[in-house]
Amino acid sequence: MTYFFQQALNVIQLGSIYALIALGYTMVYGILTMINFAHGDLFMVGAFVCFMAAAWLGLPFVPALMLSMFAIALLGVVIERLAYKPLRQAPRVSAIITALGVGLFLENFTLALSPYPKQIPPLMANQVWHFGGVAVSSLQLLIIALSLALMFMLDFIVRRTMLGMAMRAISCDRATAPLMGVPVDRVISITFAIGAGLGGAAGTLYALAYPVIDPYMGVMVGWKAFISAVVGGIGSIRGAMIGGFILGAVEIMTAALLPSTYRDLISFALLLVLLIFRPYGILGKPHTQKV
Amino acid sequence: MTMLQIERLTHRFGGLCAVQDFNLNLAAGELVGIIGPNGAGKTTVFNLITGIYRPASGSIRFKGKELAGKTSNAIASKGIARTFQNIRLFKDLSVLDNVRIAHYAQTRYSALEALLHAGRYRAEERRVRESAMLLLKTFRLEKHTHEYARNLPYGLQRRLEMARALAIRPALMLLDEPAAGMNPREIKELMDYIMWIRGQFELTILLIEHRMRLVMGICERIKVLDFGATIAEGRPDEVRNNPLVLEAYLGNEAER
Amino acid sequence: MRRETKVRQRVRIHKCMRFLRNRTIAAGIAERLLGPMRRLCKACGIFSRGGGANAGDRPSLWGWIFSCRWTAVVLLALGFAASFAIPRFNLVNPYYQLILMYVCINIILAISLNLVNGYMGEFSVGHAGFMAVGAYVSAILTVKVLPAGLGQVMFPLAVAAGGAVAALVGLVVAIPSFKTRGDYLAIVTLAFNMIVKSLFENIDAVGGPRGLLGISKLTTLPWVFVWTILSVWIIRNFVYSRFGRGVLSIREDEIASDMMSVNTRHVKMLAFVVSSFFAGVAGALYAHLMQFINPRMFDILKSTDILVMVYLGGIGSIAGSILGASIYTVLLEALRPLGIWRMVFMPLVLVLVMIFRPRGIMGFREFRLFMRREDYEDRPLPAPPIASQDGGEAPT
């Protein structure tokens, strides 16, 4: 039983990081129907910014997190303006391939600047409490609390504010939204900023949990987060959160029950099975074509 | 000979009954129109016939054979062609290719022959091309053979869609609002066209239309749908004076 | 004096900024630079829009050469002779030979992926998975199953077997494509790629994560050449057959395509089978060129590489894939002195190509060499046969 709780805690920790990244995918998808394949690499750059803040500037946790989120949000907007905006009218795949190119650029650029994996210095004292045999570290609690807070904030923004309404309007009909006075370009930029900022936060939190970072760490985590966004139903914010937790659960569970080399195999196979039964994800709506 | 026989066809979207107990008998060579206000379930009937939707109940028989449960392409290759309300051409392909694609089911060569450029491939390809060019010529589209379908003016796109549908050598043609977006002169032309292809290609035609002038002008029989149910049926002049039809279109006396 | 240069510099920077800011100006300049080249090509009759021809093209010597039936044959014969002569007499240095072989293998990969992604308009991101299947199957055959002496002789069979097994796997991946499209199919292929990779990592008989070693070097220039030509020829045939047109119509509008009697399931399956067959072939050739394989060689980064080649060269174009694969491979090798920075440079090139030419360099265009003769050349049509259809023209 304690083992179960221990694992459940791990699931929530990993799941919330996946969910944070998946949110970035799903937000951009929802508004532009474009898969931002560079997002996993934004997450990676976020971890590196956190490293710079901690190792070079000696910042404590909160400023480092803020810096990382801000820097990645800015980077996201710059990428959107330079690389994606010219392709709004182009075929959808062109934008996706551009995103892939931007992702490769970020990876290799980071690799060129820092060829070796980096170890992040501990940003805060880590305390471990025991609750009836279940070890809970303050780090875990922090990661979970922070990501949950960010997710609720996002959900609030999208559902309750004018900005969120503008986002939903654009995702419904990008051609009509500007006629109703929605500043499309600005809202899209803000969406990118929020999505990327969440990615940066995820990078920082991930770096706290697994302090060795390298330029290719975003590839695998990014693809996995993308898969969790799809499993949840891409374009749906709550779906992305659920998908993230499902993926985390599947991964931790297979790792606990089987040799760790089977982790990817089983988790991807399970996700495929899930997609066969719910082809549009858990919360996704099937987009029917009108004939 | 009965071309198409539909019995007690019913279809629902969620709780909404889109088509209810729809019956229709089409004899070979007939030209029948379906009219009705927006949302009456006209296009749904077409989608049921062509296999896009599975009917909830009822039967559709084409030349005596049951169609329900067959895939769209199987139904099409049996000889039912259709056009669409909003033109659905293959926009980024050439006019010629649009028509050639519709020859798919009648082309007799296997995948292996295609991959190796062997056997019946060449002869069949030549035949398809000639047949496609002939169709383009009859529809006066030969000047545009190599243009992208996207670049044709609206009227020609409608004509191309008809040529493409005829390329599958149908016995039954379903026209979904062929006059949408046309002015009165063009509608006159279209009526001539429809009459002409019917004779020329020996077609049975079922058409959906809003424009009373077209429907009353060429249809031999008319069915009126409202909220999925058939409210009237008969010759144009009968339908025109049917009080139920007037009510469906114009509202009843009290509301007016 | 000094001040003046500074001012000038400032002006230049300003101009640069404006250039970057205003993409339309940049596009205009690019147009101005590319324009004469394009006109030249047009005059030579090298280019044609896919599936159509510009009726106004004047016949020219180059046009004639490029559309002549014998050109392809002569080129083929010359190429084949060269592919024998080069390694035999060491005409170019072995390093270049190696690059040439990489280019050819990448051409096979790019063309086969283009079939699904470009012509059919799907987004498959797991091409390296099929490559892995082909590589492993063929390597197991030559290393473990076939006796050592027979390896040489049976090599083409081993390659074909690799392709065939990959094609079978492709058939399985095609099944989800009946129901889902777009991003969901992308996920299926992505997951497939990762599953294949981790499957091979977990089979100890093929070396697990360490990989399979001791594969003999059976891939030679003539073999690579033959397989490349074969793949180009077969995929070209496919594209210009009824199945190829079916593939195109699925990209344009699947429902309409079904209504026009195209058996969409059949066509999709065929496209996946042909595509994965050649991916498997490329994998087999790659395995016997590298002489060792491990699962990490076929991960998602490899798939990304192939994607880049396809979209760089241009979707829906055989010439594009050949161009894309060649440019990508050669440029990466040529920029080797830059070290890791070449990997920074290449994605930038990709992004710029995408911005200025969203469909890639040759998107939906084709060299006449790869087109069917009657598709660009308007022959006078034979007199229409007298049939029931031939009752004069429609009323106007």
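## Three chains in a predicted model

In this predicted model, 35 residues of chain C are in contact with 41 residues of chain B. Two residues are in contact if their C-beta atoms, placed from the backbone, lie within 7 Å. Four elements of chain C each give two or more residues to the side that touches chain B: helix 10 (221-239), helix 11 (242-252), helix 12 (254-259) and helix 13 (264-290). Helix 11 of chain C supplies the largest share, 7 residues. By class, this side of chain C has 16 nonpolar, 12 polar and 7 charged residues. Here Ala, Val, Leu, Ile, Met, Phe, Trp, Tyr, Cys and Pro count as nonpolar, Asp, Glu, Lys and Arg as charged, and the others, Gly among them, as polar.

Residues are numbered from 1 along each chain as its sequence is written, while chains are lettered from A and ligands numbered from 1 in the order in which they are written. Local features need pLDDT of at least 70 and side-chain atom pairs count only at pLDDT 80 or more, whereas totals for chains, interfaces and linings use all residues.

Helices (H or I, at least four residues) and strands (E, at least two) are DSSP runs, numbered from the N terminus. A residue is buried if 20 or more other C-beta atoms lie within 10 Å of its own, exposed if 12 or fewer, and partly exposed in between.

| Feature | Chain | Value |
|---|---|---|
| Elements | A | 10 helices, 4 strands |
| Elements | C | 17 helices, 2 strands |
| Buried share | A | 51% of 291 residues |
| Buried share | C | 48% of 396 residues |

Chain A runs α-α-α-α-β-β-β-α-α-α-β-α-α-α from the N terminus on. Its radius of gyration is 19 Å, close to the 19 Å that the globule rule gives for 291 residues, so chain A is as compact as a globular protein of that length. The radius is taken over C-alpha atoms, and the rule is 2.2 Å times the number of residues to the power 0.38. The C-alpha trace of chain A spans about 60 × 45 × 35 Å along its principal axes.

Helix 6 (residues 162-172) of chain A has the buried residues A:Ala166, A:Met167 and A:Ile170. Seen down the axis of helix 6 of chain A, they fall within an arc of 100°, so they line one face of the helix. The arc is that of the directions from the helix axis to the C-beta atoms. These buried residues pack against helix 1 (2-32), helix 5 (138-160) and helix 7 (184-209) of chain A.

**Strands of chain B.** Two strands pair if DSSP finds at least two bridges between them. Strand 1 (residues 2-13) and strand 4 (residues 57-62) of chain B pair in the antiparallel sense over 5 bridges. B:Glu7 has B:Ser59 in strand 4 of chain B as its bridge partner. Strands 4 and 5 of chain B form a hairpin with 2 residues between them, and B:Lys63 in the turn has a positive phi of about 50°.

Chain B also has an open sheet of 6 strands, ordered 6-7-8-3-9-10, with mixed pairing. Strand 6 (80-82) and strand 10 (229-234) of chain B stand at the edges, each with a single partner strand, so one side of each is left without a neighbour in the sheet. Strand 3 (residues 31-35) and strand 8 (residues 204-208) of chain B run parallel, joined by 4 bridges. B:Gly33 stands opposite B:Leu207 in strand 8 of chain B.
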